[in-house]
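This report describes how two protein chains are built and how they meet. Look at the sequence and the model first, then read on.

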Amino acid sequence: MNVIMFYILAAVILVCSVLTVTSRKILRAATYLMFVLIATAGLYFLLQVNFLAAVQLMVYAGGIVVLIIFSVLLTSHIEHQFELAAPSKSIPAALAAIAGAAICIASILQFDFTSRLAEQTTSPDIRQFGHAFLNYGDGGYVLPFEVISILLLAAMVAAIMIAKKNKQ
Amino acid sequence: MIQGIELQHILIITTLMFFVGVYGFLVRRNLITILMASELILNSVGINFVVFNKYLYPTAMQGYMFTIFIIAIAAAEAAVAIAIIINVYRRYKTINVENVSEMKY
């Protein structure tokens with residue numbers, strides 16, 4: 001059951017990510033991106049990291065995709081189709097991507113992961129995440145947690161400042 | 001860990017997703033689609049962190065934490081990038097990267 005589910009999710013991720021970068025209508029590309037992100041959340045559920053799957057669904061599929069769709073609606077005509085990329089640009093890009101993927105997959109297949117696999121004991125629940133976030137001892141993340149909250153505040157202020165109309 | 005699925009299979013899928021994102025980043029000419037391609041790249045890296053953590057070090061938390069921070073930074077990045085894109089659209093009436101070249105020199 002898990003195996004079938006995993007391969008369905010993998011197929012959704014691969015097909016929709018290819019469609020995201022090749023679709024000629026921008027709103028469709030955004031929708032395919034949303035499918036990729038939701039399938040990723042499904043993968044996290046399958047790995048039994050439930051908190052992370054919930055974060056992925058809320059922030060990525062709920063927040064970022066909505067933001068992208070809003071900006072698409074503000075800046076583009078829905079019916080507008082991109083012209084296909086010129087072969088002189090798309091072929092070198094495709095070659096670079098294929099070469100990089102080939103090198104990475106070759107090294108993944110060569111490396112001996114099976115001897116390093118650890119025995120599965122527990123899956124992290126939300127309580128462990130909370131303890132790790134606010135722990136300032138060993139293995140605690142309170143400093144990055146605070147830094148990222150400052151970063152989010154700064155990003156929010158910056159976004160408002162940049163997108164604000166100039167009063168002249 | 002997913003019963004019956006090897007680590008390599010997930011890594012191959014995330015690798016393909018990463019390089020599809022790289023291809024889109026190189027080929028696309030619209031700023032928003034470039035942003036979408038970079039989201040694909042970030043997302044595949046996040047899956048990699050979780051999978052390594054889950055399969056190789058199940059008692060540790062570092063991989064999950066990295067993924068949470070990646071998601072948060074992606075959210076901040078998308079917000080600022082879209083604000084900039086809207087501002088560019090307001091000034092140039094286009095978000096095609098070839099037509100927005102005033103700051104190039």
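Helices (H or I, at least four residues) and strands (E, at least two) are runs assigned by DSSP and numbered from the N terminus. By that definition, chain B has three helices and zero strands. The model is predicted: local features need pLDDT of at least 70 and side-chain atom pairs count only at pLDDT 80 or more, while totals for chains, interfaces and linings use all residues. Residues are numbered from 1 along each chain as its sequence is written, and chains are lettered from A and ligands numbered from 1 in the order in which they are written.

**The two chains**

Along the sequence, chain B reads α-α-α. Chain A has six helices and zero strands, in the pattern α-α-α-α-α-α. The radius of gyration of chain A is 21 Å, well over the 15 Å that the globule rule gives for 168 residues, so chain A is more spread out than a compact globule. This radius is taken over C-alpha atoms, and the globule rule is 2.2 Å times the number of residues to the power 0.38.

A residue is buried if 20 or more other C-beta atoms lie within 10 Å of its own, exposed if 12 or fewer, and partly exposed in between, with C-beta atoms placed from the backbone.

| Chain | C-alpha extent along the principal axes | Buried residues |
|---|---|---|
| Chain A | roughly 55 × 50 × 30 Å | 22% of 168 residues |
| Chain B | about 55 × 25 × 25 Å | 50% of 105 residues |

Two residues are in contact if their C-beta atoms, placed from the backbone, lie within 7 Å. Among contacts in chain A between residues at least 6 apart in sequence, 48% join residues at least 24 apart. In chain B, 45% of the contacts between residues at least 6 apart join residues at least 24 apart.

**Where the chains meet**

In all, 60 residues of chain B are in contact with 71 residues of chain A. On the side of chain B that touches chain A, the elements giving two or more residues are α1 (7-27), α2 (31-56) and α3 of chain B. The largest share of that side, 20 residues, comes from α3(B). By class, the residues on that side are 46 nonpolar, eleven polar and three charged. Here Ala, Val, Leu, Ile, Met, Phe, Trp, Tyr, Cys and Pro count as nonpolar, Asp, Glu, Lys and Arg as charged, and the others, Gly among them, as polar.

**Helix against helix**

Two packed helices are described by the angle between their axes and the distance between the axes.

The contact of α3(A) with α2(B) has eight nonpolar, two polar and one charged residues.

**Details in chain B**

The expected span of a helix is 1.5 Å times one less than its number of residues. The 31 residues of α3(B) should span 45 Å, and the end C-alpha atoms are 44 Å apart, which agrees. Just after α3(B), Lys93(B) takes a positive phi of about 60 degrees.

Is Ile32(B) buried or exposed? Ile32(B) lies in helix α2 of chain B and is buried, because 22 other C-beta atoms lie within 10 Å. Beyond its neighbours within four places in sequence, Ile32(B) is in contact with residues including Ile26(A), Val72(A) and Ile85(B). Phe52(B), also found in helix α2 of chain B, counts as partly exposed, with 18 C-beta neighbours inside 10 Å. The C-alpha atoms of Phe52(B) and Leu11(B) are separated by 9.1 Å, although the two are 41 residues apart along the chain.
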